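This report describes one protein model from its coordinates.

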Amino acid sequence: GPVSVAMAGSGKTILVTGGAGYVGSHCVVELLKEDYNVIVVDNFVNSIKDQSGRGNGYPESINRVQDLTGKLVHFHEADLCNKESLRKVFTCHHGPNKKIDCVIHFAALKAVGESCALPLKYYGNNVTGSANLMEVMMEFDV
């Protein structure tokens, strides 16, 4: 299940999908520097679980981001193609004095060769995942 940590920043709360990937994790660093609270959603397709023995189940990249910035990140392992797993993330961060203010969406399959060989897999993941995310955002008025 999700690990609960106190929000690190005093600013708005930003959900970053694909936040454990290369571009996403660099974005998370910049958001934390600007004092945003950051929630990361990733499904580990292009990232690896931390091997340091911390036991928090976070992606290695997110643990490194936390070390680099000295700030905590909320992390949820979820797949955008599973709308219910997305709803759980939004529910966890919805209530009195807490809400997701904005979403930055990086989660996608992106290997060019494989996308040409398996286009329907890519359409299914990238288009369906994006549509699910937008539907859940609408449900939670984000």
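How many bridges join strand 1 to strand 4? Four bridges join them, and the two strands run parallel. The model is predicted, so local features need pLDDT of at least 70 and side-chain atom pairs count only at pLDDT 80 or more, whereas totals for chains, interfaces and linings use all residues. Residues are numbered from 1 along each chain as its sequence is written, and side-chain values use heavy atoms, with hydrogens and water left out.

**Strand 1 and its partners**

Helices (H or I, at least four residues) and strands (E, at least two) are DSSP runs, numbered from the N terminus. Two strands count as paired if DSSP finds at least two bridges between them. Strand 4 covers residues 102-105, and its isoleucine 104 stands opposite valine 16. Strand 1 also pairs with strand 2, in the parallel sense, over five bridges. In that pairing leucine 15 stands opposite isoleucine 39. Between strand 1 and strand 2 the chain passes through helix 1, and this β-α-β crossover is right-handed; that is, with the strands pointing away from the viewer, the path from the first strand over the helix to the second runs clockwise.

Accessibility is sorted into buried (under 20% relative accessible area), exposed (over 50%) and partly exposed (in between), using a 1.4 Å probe and protein chains only. Strand 1 (residues 13-17) is largely enclosed by the rest of the structure, because five of its five residues are buried. In a regular strand the side chains alternate between the two faces of the sheet. In strand 1 both faces are covered: Thr13, Leu15 and Thr17 are buried on one side, and Ile14 and Val16 on the other.

**Cavity and pocket**

Both terms refer to a 1 Å grid over the protein atoms alone: a cavity is a set of points where a 1.4 Å probe fits but cannot get out, a pocket is an open set with protein on both sides within 12 Å along at least five of seven lines, and lining residues have an atom within 4 Å of a point. Grid points are joined across faces, edges and corners, and a volume is the space filled by probe spheres set on the points. Residues are classed as nonpolar (Ala, Val, Leu, Ile, Met, Phe, Trp, Tyr, Cys and Pro), charged (Asp, Glu, Lys and Arg) or polar (the others, Gly among them).

| Space | Volume | Lining by class |
|---|---|---|
| Largest cavity | about 30 Å³ | four nonpolar, two polar, one charged |
| Largest pocket | about 420 Å³ | 12 nonpolar, 11 polar, three charged |

The count of cavities of 30 Å³ or more is one. Phe90, His93, His94, Lys99, Ile100, Phe140 and Val142 line the largest cavity. The largest pocket has 26 lining residues, and Gly18, Asn46, Phe106, Ala107 and Ala108 lie nearest its centre. Helix 1 (22-33), strand 2 (37-42) and helix 5 (119-139) are the elements that give two or more residues to this lining. Helix 5 supplies the largest share, four residues.

**Cysteines and proline 59**

With a disulfide taken as a pair of cysteine sulfur atoms within 2.5 Å, the count is zero. For cysteine 92 the closest cysteine sulfur, in cysteine 102, is 18 Å away, too far for a bond. Cysteine 92 is partly exposed, at 30% relative accessibility. The sulfur of cysteine 116 lies 19 Å from its closest counterpart, in cysteine 81, again too far for a bond, and cysteine 116 is exposed at 60%.

Proline 59 sits in the loop between strand 2 and helix 2 (60-69). Proline 59 is buried, with a relative accessible area of 0%.
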